[in-house]
Amino acid sequence: MPIIREPEKEQCVIQELQSFINLLAGLEAQELCFNPYASGDSDRDSIRCNNLLLYLQEMHHAGPREMLVGEAPGYNGCHWTGIPFTSERELQRGVPAHGLFGLEKGYRWTSDKELGYTEPSGTILWSVISELPRLPLVWNAFPLHPYKSGNLLSNRTPTEQELVSHAAVLHRLAEIFEIESFIAVGHKAERVLAELGISAPRVRHPANGGKAEFSRGLHYLLGRQ
């Protein structure tokens, strides 16, 4: 069996991750859904695709065993960055405890907002993850940002049809990372995963006063090496 050298392994990983991003960018347009990777604005789409590639590369080096699954991208976070639960401010702050993110690594903003967008739930999520001994892979059951009619900067729950038609995306990412287990963030994500045939424990969603319970749940599930 031929020996695959480290630079060649790294290149294979990048190609596989790029193929996954191409899959996202090639998703068929859906009504009332914003595709951060193929919105029609080539410059911003390119930035979000690169942000996601950088994130997935960093996560591949971390070797996560668990996938932390939310429901869908939000208008304050992934809509602008291309990374689930991650706002532009989070890209700047980074997660120093795990050496994740940081504008110096090439992550970029896509909004024109002076201080960038921030997402409260994402801020809590990464703050708690920074206290854990290892990184979970953070993703969403639905890969597109679903919004309400007439308001692009809003959130709505994806329909069952939308979820089923995009289930292959989550499964593909789990295959690439050889994920061993899943954790649902909130009741909606738990229901979504169940509909996709995935059994997963649930932690409280950090929004609406759920920070303490979310932290306890995640520490219980991921606080051990």
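Mentor: Let us begin with L32, which is found in the loop between α1 (6-25) and β1 (33-34), where helices (H or I, at least four residues) and strands (E, at least two) are DSSP runs, numbered from the N terminus. This is a predicted model, in which local features need pLDDT of at least 70 and side-chain atom pairs count only at pLDDT 80 or more, while totals for chains, interfaces and linings use all residues. Residues are numbered from 1 along each chain as its sequence is written, and side-chain values use heavy atoms, with hydrogens and water left out.

Trainee: Why is L32 called partly exposed?

Mentor: Buried means under 20% relative accessible area, exposed means over 50%, and partly exposed lies in between, with a 1.4 Å probe and protein chains only. L32 has 26% relative accessibility, and therefore counts as partly exposed. L32 also has a positive phi of about 60 degrees although it is not a glycine.

Trainee: What makes F101 buried?

Mentor: The relative accessible area of F101 is 2%, so F101 is buried. F101 has its place in the loop between α4 and α5, and its phi, near 70 degrees, is a positive value in a residue other than glycine.

Trainee: Why is L135 called buried?

Mentor: L135 has 8% relative accessibility, and so counts as buried. L135 lies in the loop between α5 and β3, and, leaving aside its neighbours within four places in sequence, L135 is in contact (heavy atoms within 4.5 Å) with M59, A62, P64, H98, L100, W126 and I129. L135 and G63 are 72 residues apart in sequence, and 8.0 Å apart in space from C-alpha to C-alpha.

Trainee: What makes helix α5 largely enclosed?

Mentor: Seven of the ten residues of helix α5 (residues 120-129) are buried, and therefore the helix is largely enclosed by the rest of the structure. The buried residues of α5 are S121, G122, I124, L125, W126, V128 and I129, and what covers them includes α2 (42-62), β2 (66-70), α4 (88-93), β3 (137-140) and α9 (211-222).

Trainee: How do you know how many disulfides there are?

Mentor: A disulfide is a pair of cysteine sulfur atoms within 2.5 Å, and by this rule the count comes to zero disulfides. C78 is in no disulfide, as the nearest cysteine sulfur, that of C49, is 11 Å away. C78 is buried because its relative accessible area is 1%, whereas C12, with a relative accessible area of 45%, is partly exposed.

Trainee: How do you know whether the radius of gyration of the protein agrees with that of a compact globule?

Mentor: The radius of gyration is taken over C-alpha atoms, and the globule rule is 2.2 Å times the number of residues to the power 0.38. With 225 residues, a compact globule would have a radius near 17 Å, and the protein has 17 Å, so the value agrees. The secondary structure of the protein comes to nine helices and six strands, and 51% of its 225 residues count as buried.
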